[in-house]
Amino acid sequence: MARFICGADRHQVTLLPNRLDDYVSKDNPVRVVDLFVDELDLTALGFASMMPAATGRPGYHPATLLKLYLYGYLNQVTSSRRLEREAGRNVELMWLTGRLAPDFKTIADFRRDNGPAIQAACRQFVVLCRQLGLLAGGVVALDGSRFKAVNARDRNFTPAAVQRRIEQIEASIARYLAALDTADRQEDEVAHVRKVRIAERLDALRTRMRELQAMETLVEAAPDRQISLTDPDARAMATRGKGTGMVGYNVQAVVDTAHHLIVAHAVTNVGHDRTQLAHMSCQGQAATGHEALTVLADRGYFSGEEILACDQAGIAVTLPKPLTSGAKAEGRFGKQDFVYEAEADAYRCPAGEQLSYRYTNVEGGLTLRRYWTTACHGCALKARCTPAKERRVTRWEHEAVLEAVQRRLDADPHAMRTRRQTVEHVFGTLKGWMGATHFRMRRLRNVATEMSLQVLAYNLKRVMAILGTGPLLSALRA
C-alpha cells in the first residue's frame, strides 16, 4: 500500500477539530444559497410562521427551510424524506442549516403552505438578474411543454378513453364466453377448473364494466368532460408522437435569448398554447423592464386576439402563421397569394384582378370584411383558385397587425431557430433534472410551487455559470 495515497486513520483523535466552515470552500454554491435567502425580506414575501410560538416547542425559521429546499433543488434532491436524511449527513447542509435536521413532515408542510411566497422569491431573483444587467437584450423566447403529473393514464378518464375501455372489456367478455362454451363441451377435471377460473374473470370484467358505465356518467357531467383520480387537476394532453399522450400539466416559460434565464413562467392544465401569448408576454415585459419587448413564439400561439393584445401593450411578436386552409393542400392559391392594397382597400389576385370590398359582418366576436370580384367566371386561373362561383377573401379589421408579424418573420429568417435553441434547451434541462416522473406534488397550486423551486434553482445555476460564484456573492452583498 506504500505506493498509493493513504487516507487518515478514522480512529485518530483530533485535539483541535476543524471548524464546519473549513469544509465549505469560499466559492461553494451553498454560500450563494445562504446569502440569497438571508437578503430576502421573508415577511414581505408572505412566508408563514415568522412569529415564534408563544407556547410549546419553537418552530423552524422559514429561512432555514427555504435554504434546505433551495439546496435540494440545486442538487436534484427534491423529496422531503431525502432532504431529512441529507440534513443529518451532508456537511454542506450542516453548514447551511446550523446542524438543524427537521423531520420530513415539517419539510413537506413548509413547501405546501408557502406556495405564493416561494413563487415570489423566484420572481425576486429575476429582479436581481435585471439589476445585474443580465436581461438587457430585450428579446425573449416563449414556449410551453408538457410535464408528467402524479397520475397514470389508466387513472384519467375522457369520453373517448371510457368508450375505448368499454369496447375492450366487451371484446374480452366475448372471448371468455367463447372459451366457456368450449369448456362446457369437455367433461374432464381440467375443464372444470378452467370454467371456474373463466367465471371468476367474467365476474371481474362485469364489475369493471359497471364501474366504467358509472364513470361515463360522471365524465359527461364534468365541466371539461375529464376526470383524473390521483391528481384531480391533471389533464390528458396530446404530444407529437401518435399514442404518446400524457396526463400532466402545460408549463409556460419566457426565456431571455442572451443568457437563457427564465424571466417568467406559469403552470396551466390547458392542453394548448393559443390563449397564453398575451399573458406570458406581459409577464416577460414586466420582469425584464423592456417596454418594447420582442417575443419569439411558435405557431401554436397564433391567435389574432392574443397578438392584438400584445401589440396594444407595445410587445412585438414574431411567430409563423399556421396554414389551416385546405386550398394549398389541394393545389390551389391560398390567401397569402392575394396582395392587399391599402390605398384602394382591395386585394389583387394572382391573375391581376382586383377584389373589391363588399360588406362587413361579425362572426365569433370578430369584425370581418369580405372582398371578391365578378371576373372569376372567365379567368384562366379559376381552376387553380376556387371551385366556387367566385373567390372570396376575408379580412379581419385588425389584419394589419398580423401582416406586421409576418413582415418581422420574413425580415428575420433565423428567428424560429433562435427560439428553439433558447427555450427548448431550458425545458430539456429541467426535465432531465426532474427525472421520468417530473412532478411529485398534486393539485395545480402545489405543482406551481414545485415548478418555481425548479426555476429558481435553474436561474441560480445559470447566473453562477455566467458570473461566477464570487462575483454573484459580491452582488448579493451589495
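1. Helices here are DSSP runs of H or I with at least four residues, strands are E runs of at least two, and both are numbered from the N terminus. Keep in mind that this is a predicted model, where local features need pLDDT of at least 70, side-chain atom pairs count only at pLDDT 80 or more, and totals for chains, interfaces and linings use all residues. Residues are numbered from 1 along each chain as its sequence is written, and side-chain values use heavy atoms, with hydrogens and water left out.

2. Leucine 15 counts as exposed because its relative accessibility is 77% (buried is under 20% relative accessible area, exposed over 50%, partly exposed in between; 1.4 Å probe, protein chains only). Together with Val13 and Leu16, Leu15 makes a nonpolar surface patch with about 420 Å² of accessible area. Nonpolar patches join Val, Leu, Ile, Met, Phe, Trp or Tyr side chains within 5 Å, using residues with over 30% relative accessible area and no salt bridge; areas are Shrake-Rupley with a 1.4 Å probe.

3. On to the salt bridges: the whole structure has 22, counting a side-chain nitrogen of Lys or Arg within 4 Å of a carboxyl oxygen of Asp or Glu. One of them pairs lysine 26 with aspartate 21 at 3.8 Å, N to O. Lysine 26 is exposed at 62%, while aspartate 21 is partly exposed at 22%.

4. Lysine 67 and aspartate 34 also pair up, with their closest N and O atoms 2.7 Å apart. Lysine 67 is in helix 3 (residues 62–74) and aspartate 34 in helix 1, so this bridge ties together parts 33 residues apart in sequence. Both lysine 67 and aspartate 34 are buried.

5. Then there's aspartate 143 with arginine 419, closest N and O atoms 3.1 Å apart. This pair links strand 1 (residues 139–148) to helix 13 (residues 415–434), so it ties together parts 276 residues apart in sequence. Aspartate 143 and arginine 419 are both buried. Elsewhere, Lys105, Asp109, Arg112 and Asp113 form a salt-bridge network.

6. Finally, the largest pocket: its volume is about 1000 Å³. Among its 33 lining residues, Phe302, Lys321, Lys335, Glu399 and Leu402 are closest to the centre. Helix 12 gives the largest share of the lining, 8 residues. By type, the lining splits into 15 nonpolar, 7 polar and 11 charged residues.

Conventions. Patches are made of residues with over 30% relative accessible area and no salt bridge: like charges are joined within 9 Å, nonpolar side chains (Val, Leu, Ile, Met, Phe, Trp, Tyr) within 5 Å. On a 1 Å grid over the protein atoms alone, a cavity is a set of points where a 1.4 Å probe fits but cannot get out, and a pocket is an open set with protein on both sides within 12 Å along at least five of seven lines; lining residues have an atom within 4 Å of a point. Grid points are joined across faces, edges and corners, and a volume is the space filled by probe spheres set on the points. Ala, Val, Leu, Ile, Met, Phe, Trp, Tyr, Cys and Pro count as nonpolar, Asp, Glu, Lys and Arg as charged, and the others, Gly among them, as polar.
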